[in-house]
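Welcome! Take a moment to look over the chain shown here, and then we will walk through it together, topic by topic.

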Amino acid sequence: MDKLLIKSGRRLNGSIAIAGAKNAALPILAAGLLTADELIVRNVPGLADIRTLAKLISGMGAKFSRSEEGVVTVNASGLTSPEAPYELVKTMRASILVLGPLLARFGQAKVSLPGGCAIGQRPVDQHIKGLQQMGAEISVEAGYIHARATRLKGAKIRTDMITVTGTEQLMMAATLAQGETVIENAAREPEVVDTAGLLIAMGAKISGAGTDRIVIEGVDRLHGADYRVMPDRIEAGTFLCAVAAAGGDITLTQCAVESMGATLDKLREAGLEIEIKGDSLRASMYARPKAVGFRTVEYPGFATDMQAQLMAVNCVAQGTATISEHIFENRFMHVQELIRLGANITIDGHTAVVQGVERLVGAPVMATDLRASASLVIAGLAAQGETLIDRIYHLDRGYDRMEQKLAGLGANIARVN
Ligand code: EPU
């Protein structure tokens, strides 16, 4: 199994390009099931999660190909089996995103129920409830969601909590429903807006994406489109945290700067100098960061997907930071590993208190989920000595060649077997 070996002592310097957003690319590619025409999607990152979705879609009898340059074509004209098997869904929960498109276009779907998850329970009850409100008959048998509908009907849906993939799921399903669907309490994340952008390019009638009320007027059919996925705001934020912790001067190109407000505010507060030029961010840090407390909330607040990385910055900061996680109930798995590197962190329920230390010391550590892995990389870059990170398959799920990009910025990092 691959591991990452990080040796300390180097500041980060240079320029890298940010990849397309994982959490936009996944719903956008799932939307390819909504049409028999070819969908071309550009700027799709080279990630394990995208390969899982490719397997899932190909297994249904549709065509999926990705070029080296990140151009994906999906052609679901020959889809024979609207089924998502447990073997794939258990490795990636976002597989659930095929449920709405399959049901809307084929009138039936069989999708494995995702099981537990390292960061929280993550049920999909809102996805199911919303589709039922649109007239779907849904049962759960032997671990599978069985869904049927002759044609989905528009409905007024108010989700019990704000859910990102739940909003995307219902929005996709509603594009081909009969009549108008209103989703209230909708997620406002930029990835939801990007998914709506693709659906509109395919002929869907959607308004209000980016607000908490999305209105979809169903159409009889959708057509193919040629669409470019937005840049990954979490990947960009992760590299900014890396330079804030390790020091140096880096430039990130192809950023979705307008979607990164909360992260940029916090990192500036930590002392990172940030200069914005168009879609480029130049960030420099030559002092020890200052501690910054924060709480994770839905967009446009501070993202849970950035919590672990900014915690790693706080581990070497001057002062004490209080961090509250409000989206997932168990997203502090990285804390015990950061403590192995010498961090001073205590947890009380949803809150972690990080007392910055002058130095971390490298050690063998284990990644537990995607963003936890990223926080260990950041801590490893700031630590003295050698850090060996095990289970980096978590990192490969959501970062496109992270170690190559960091090596390009001068970090002493290598993938070892
Ligand atoms: N929830 C329910 N029932 C539902 C849906 C959600 O109780 O039917 C709860 C969840 O358990 C959680 C909260 O609602 O406590 C919010 O979850 P949400 O549904 O918004 O999360 P998600 O859609 O499953 C997406 C991202 C996550 C990101 C969250 C929050 C994708 C593919 N995944 O997950 O990304 O953390 O939104 O922003 O878009 C990551 O990239 O590392 C990652 C985990």
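Is Thr263 buried or exposed? Thr263 counts as buried, because its relative accessibility is 9%, below the 20% cut-off used for that word. Please keep in mind that you are looking at a predicted model. The points below start with the whole chain and then visit single residues.

**The chain as a whole**

- The chain holds 14 helices and 24 strands.
- Its radius of gyration is 21 Å, close to the 22 Å that the globule rule gives for 417 residues, so the chain is as compact as a globular protein of that length.
- If you follow the C-alpha trace along its principal axes, the chain spans about 65 × 45 × 40 Å.
- Of the 417 residues, 57% count as buried.
- Take the contacts between residues at least 6 apart in sequence: 73% of them join residues at least 24 apart.

**Surface and charge**

**Cysteines**

- A disulfide is a covalent bond between the sulfur atoms of two cysteines.
- The count of disulfides here comes to 0.

**Thr263 and its surroundings**

- Thr263 is found in helix α9.
- Leaving aside neighbours within four places in sequence, Thr263 is in contact with Gly237, Phe302 and Met306.

- His334 belongs to helix α11, which covers residues 334-340.
- With a relative accessible area of 2%, His334 is buried.
- Which residues does His334 contact, once neighbours within four places in sequence are set aside? They are Gln307, Ala308, Met311, Thr368, Ala372 and Ser375.
- Ala374 sits in helix α12, made of residues 370-382, and is buried, with a relative accessible area of 0%.
- Not counting residues up to four places away in sequence, Ala374 touches Thr238, Gln309, Leu395, Tyr399 and Met402.
- Ala374 and Ala19 are 355 residues apart in sequence, while their C-alpha atoms are 16 Å apart in space.

**A partly exposed residue in a strand**

- Glu83 is in strand β6, which consists of residues 83-84.
- At 34% relative accessibility, Glu83 counts as partly exposed.
- Setting aside residues up to four places away in sequence, you will find Glu83 touching Met60, Leu102 and Lys110.
- Between the C-alpha atoms of Glu83 and Asp396 there are 25 Å, and the two residues are 313 residues apart along the chain.

**Backbone details in the loops**

- Where in the chain is Pro300? Pro300 is in the loop between β18 (294-295) and α10 (307-315).
- The peptide bond that runs from Tyr299 to Pro300 is cis, and its omega is near 15°.
- Asn185 has a phi near 65°, a positive value in a residue other than glycine.
- You can find Asn185 in the loop between β11 (180-184) and α7 (190-201), where Asn185 is buried, with a relative accessible area of 18%.
- Gln254 likewise has a positive phi in a residue other than glycine, with a value near 60°.
- The loop that holds Gln254 lies between β15 (248-253) and α9 (261-269), and Gln254 counts as partly exposed at 34% relative accessibility.

Methods. Residues numbered from 1 in each chain as written. Predicted model: local features only at pLDDT ≥ 70, side-chain atom pairs only at ≥ 80, totals over all residues. Heavy atoms only, no water. Helix = DSSP H or I, 4+ residues; strand = E, 2+ residues; numbered from the N terminus. Rg over C-alpha atoms; globule rule 2.2 N^0.38 Å. Buried < 20%, exposed > 50% of the residue type's maximum accessible area, 1.4 Å probe, protein only. Contact = heavy atoms within 4.5 Å. Disulfide = S-S within 2.5 Å.
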